[in-house]
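This report describes a few local features of one protein model.

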Amino acid sequence: MTDPRSDARSAVVRQGLSVAVATGLYGVSFGALSVTSGLSVWQTCVLSLLLFSGGSQFALIGVLGGGGTAGAAVAASSLLGVRNALYGLQLVPVMRPRGWRRAAVAQLTIDESTAVAVAQTEPPLRRLGFWVTGLGVYVGWNLMTLVGALAGNSLGDPQRFGLDAAASAAFVGLLWPRLKGREPVAIAVVGALVTTVLVPVIPQGLPVIAAAAVGSLVAWCWPQRRGGAPA
């Protein structure tokens, strides 16, 4: 007779590893795009080791590759990193980090580790999902960053292979199963429209922040959340 708790832990480990493998693999796109944007191989690798936030990393090299200043690149990257602070607020009651674990939890708090953690029903499973996913993504992302950086110059223009869209496509794939109700679909549509309208007119990195703010407003005003009649 199988132990339900053991089965649940195994399921969480499989989920975390599958997300880690998928996310780590498209780290090659960041490595390739980074070196073609003007960063060296070692600069690219240090960026992944220390910053370790895909959206912020792509924003930074996107601004630099487009001819923007270092200050503008750091600003765009920092704005996108605000979401990780919000993730941290959500995870602190579950993770309860102490000592050196505080730094480790902060470093591994990303979209994927948070998504897997909050998808679980019990605190121990949430902690397990966070660590498996976070550590798995960190190792895979940094290894594939190195591979992409070394191969970047020989690949030529990464856009020929769709590497510039790989991260976005993978993140959409991660979020797609959560779009089961009217509210998340409405938020996704509004966010996409806001981003599309603002991309041509404001600096890189800001459209995503604006879309997040509008999406939060839509979620707050949703009838069922405000106690009104169901939509």
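A pocket here is an open set of grid points with protein on both sides within 12 Å along at least five of seven lines, and its lining residues have an atom within 4 Å of a point. The model is a predicted one.

**The second largest pocket**

The volume of the second largest pocket is about 170 Å³. Its lining consists of N84, A85, G88, V92, P97, R102, V105, A106 and T109. Sorted by residue type, this lining has 5 nonpolar, 3 polar and 1 charged residues. Two helices, α5 (70-95) and α6 (100-108), each supply at least two of the lining residues. The largest share, 4 residues, is that of α5.

**Aromatic pairs**

Across the whole structure, a search finds 6 aromatic pairs. Two of them are set out below.

| Pair | Distance of ring centres | Angle of planes |
|---|---|---|
| Y26 and W141 | 5.7 Å | 90° |
| F52 and Y138 | 4.8 Å | 80° |

Planes over 60 degrees apart count as edge-to-face. The planes of Y26 and W141 stand at 90°, so this pair is edge-to-face. It links distant parts of the chain: Y26 is in the loop between α1 (4-25) and α2 (27-36), while W141 is in helix α8 (residues 123-155), 115 residues apart. Both Y26 and W141 are buried. They also belong to a cluster, in which ring pairs link Y26, F30, F58 and W141.

The rings of F52 and Y138 have their planes at 80°, so they too form an edge-to-face pair. Because F52 lies in the loop between α3 and α4 and Y138 lies in helix α8, this pair ties together parts that are 86 residues apart in sequence.

**Positive phi angles**

Most residues other than glycine have a negative phi. Which phi does F52 have? It is positive, about 45°, although F52 is not a glycine. The loop that holds F52 runs between α3 (41-50) and α4 (54-65). R96 is not a glycine either, and has a positive phi of about 45°. This residue sits in the loop between α5 and α6.

How many of the 8 residues of helix α7 (residues 111-118) are buried? The count is 6, so the helix is largely enclosed by the rest of the structure. The buried residues of α7 are D111, E112, S113, T114, V116 and A117.

V197 is part of helix α10 (residues 182-198). Is V197 buried or exposed? An area over 50% counts as exposed, and V197 has a relative accessible area of 58%, so it is exposed. From V197 to P207 the distance is 8.4 Å, C-alpha to C-alpha, and the two are 10 residues apart in sequence.

Definitions and conventions:
Residues are numbered from 1 along each chain as its sequence is written. This is a predicted model: local features need pLDDT of at least 70, side-chain atom pairs count only at pLDDT 80 or more; totals for chains, interfaces and linings use all residues. Side-chain values use heavy atoms; hydrogens and water are left out. Buried means under 20% relative accessible area, exposed over 50%, partly exposed in between (1.4 Å probe, protein chains only). On a 1 Å grid over the protein atoms alone, a cavity is a set of points where a 1.4 Å probe fits but cannot get out, and a pocket is an open set with protein on both sides within 12 Å along at least five of seven lines; lining residues have an atom within 4 Å of a point. Grid points are joined across faces, edges and corners, and a volume is the space filled by probe spheres set on the points. Ala, Val, Leu, Ile, Met, Phe, Trp, Tyr, Cys and Pro count as nonpolar, Asp, Glu, Lys and Arg as charged, and the others, Gly among them, as polar. Rings of Phe, Tyr and Trp (its six-membered ring) pair if their centres lie within 6.5 Å; planes under 30 degrees apart count as stacked, over 60 as edge-to-face and the rest as tilted.
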